[in-house]
Amino acid sequence: MTVGVLGGGQLGRMIALAGYTLGQRFVFLDPGAESSAGHVGNLRVGTYDDEERLSELARKSDVVTYEFENVPVGSARFLNELVPVYPPPAALEVSQDRLDEKQFFVRLGIPTPPFAAVSSREELDQAVQRIGLPLVIKTRRFGYDGKGQMVLRTEADVDHAWEALGAALLIVEGLVPFERELSILSVRGKDGETRFWPLVENEHRDGVLRISVPKSDAWTPELQARAEAYAARVLDTLGYVGVLAIELFLKDGELVVNEMAPRVHNSGHWTIEGAETSQFENHVRAILGLPLGSTRMVGPSAMLNVIGKLPPKERVLAVEGAHLHAYGKDASPGRKLGHVTIRAQSREELCARIEELLPIVDPDASGPPKSLWPPA
Ligand code: AMP
């Protein structure tokens, strides 16, 4: 069986690395000739709307998936006429527009921040009136890692944001004064079976994920059950097949959904060593119609992203329990170049190992992410 993948970045690469052990082959389509998945699979270079390339991908593949959510929906639908595409193109469509996505959550009874569509200065002023400052203003499409968004705290910020972003279709959202940022990773098979990994706590800096901790001290069985119920509604409504990530804010014991990603997700990278079955393997199992694997966490784990500069491998690997995943990408500021999973036997040992690794992996971190594990 050959799996076609739209996108040849690190997510595609890690899907392939997991799929090879099951005996699958992979072919990628990506506009970049240097894409990191090309080191581990057959990379075809072309744009995502090139019908010739898409047809070629379909001919070579038994099933097609995608590793990022800005693939044109039209291309996913075109492919779906030729070969099964999972997750279903409808999932791609709803997640590409922040307004559609929020309205979809509302229809499913899933809490979101208050929001309003904005396509004129008048609508922006009305939204500011109705929801009240502070707000976040975001482009409806093509935003990622905090790009295409601004926080509005004053009237002057409103003017400024309109100048900067007013040309695009926009959404404004109430700024949630959250205590924690969490995500729920889930997978649904072709037969409708669903599984969920433990809730992950995520810390960002400059809009980019830095550290993920599954089952952090914010975790409770009640939160897990609620997050699973929300994810299950999304999965079942879309007839979803594959891995889905949903990002959540935790505030006053309540979960508020920020956004979803219809794909494997950075906050699930810890599962490669930290869970019985990784998000990548379960994604492959799901889209091939194979039984899903256990999502059980095998022990205390965390993930540190490697951003901008690859640390010396010798130093990372000298830390007991550290597993380096380098994506084979050229270094440049702000670029995700890899991640390190840290495993330990106990929470104390995990914290000690993170403190040892942080200066090596993320020297600009202001200190250990204490919010994740207050001293016992
Ligand atoms: P997003 O691109 O929507 O995931 O936003 C990037 C980051 O901005 C999130 O991880 C949050 O830290 C922050 N953020 C986005 N929307 C909101 C919101 N409505 N309230 C508070 N923080 C937000």
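Lysine 138 reaches the ligand through its side chain, where an N or O atom sits 2.8 Å from a ligand oxygen atom; this is a polar contact (a pair of N or O atoms within 3.5 Å). The side chain of glutamate 173 does something along those lines, with an N or O atom 2.9 Å from a nitrogen atom of the ligand. For asparagine 258, the gap between a side-chain N or O atom and a ligand oxygen atom is 3.1 Å. On its own, the ligand has 470 Å² of accessible area, and the protein covers 89% of that (areas come from the Shrake-Rupley method with a 1.4 Å probe).

This is a predicted model, where local features need pLDDT of at least 70 and side-chain atom pairs count only at pLDDT 80 or more, while totals for chains, interfaces and linings use all residues. Residues are numbered from 1 along each chain as its sequence is written, and side-chain values use heavy atoms, with hydrogens and water left out.

Now for the whole shell. Around the ligand there are 17 residues, and Lys138, Glu173, Val176, Glu181 and Glu259 come nearest (a residue is near if one of its heavy atoms lies within 4 Å). Sorted by class, the shell has 6 nonpolar, 5 polar and 6 charged residues (Ala, Val, Leu, Ile, Met, Phe, Trp, Tyr, Cys and Pro are nonpolar, Asp, Glu, Lys and Arg are charged, and the others, Gly among them, are polar).

As for domains, the chain splits into domain 1 (2-85), domain 2 (114-174) and domain 3 (180-372), with bounds from an automatic or database assignment. The ligand lies between domain 2 and domain 3, because both give residues to its shell.

Conventions
Polar contact = N/O pair within 3.5 Å; in protein donor to acceptor, adjacent residues only side chain to side chain.
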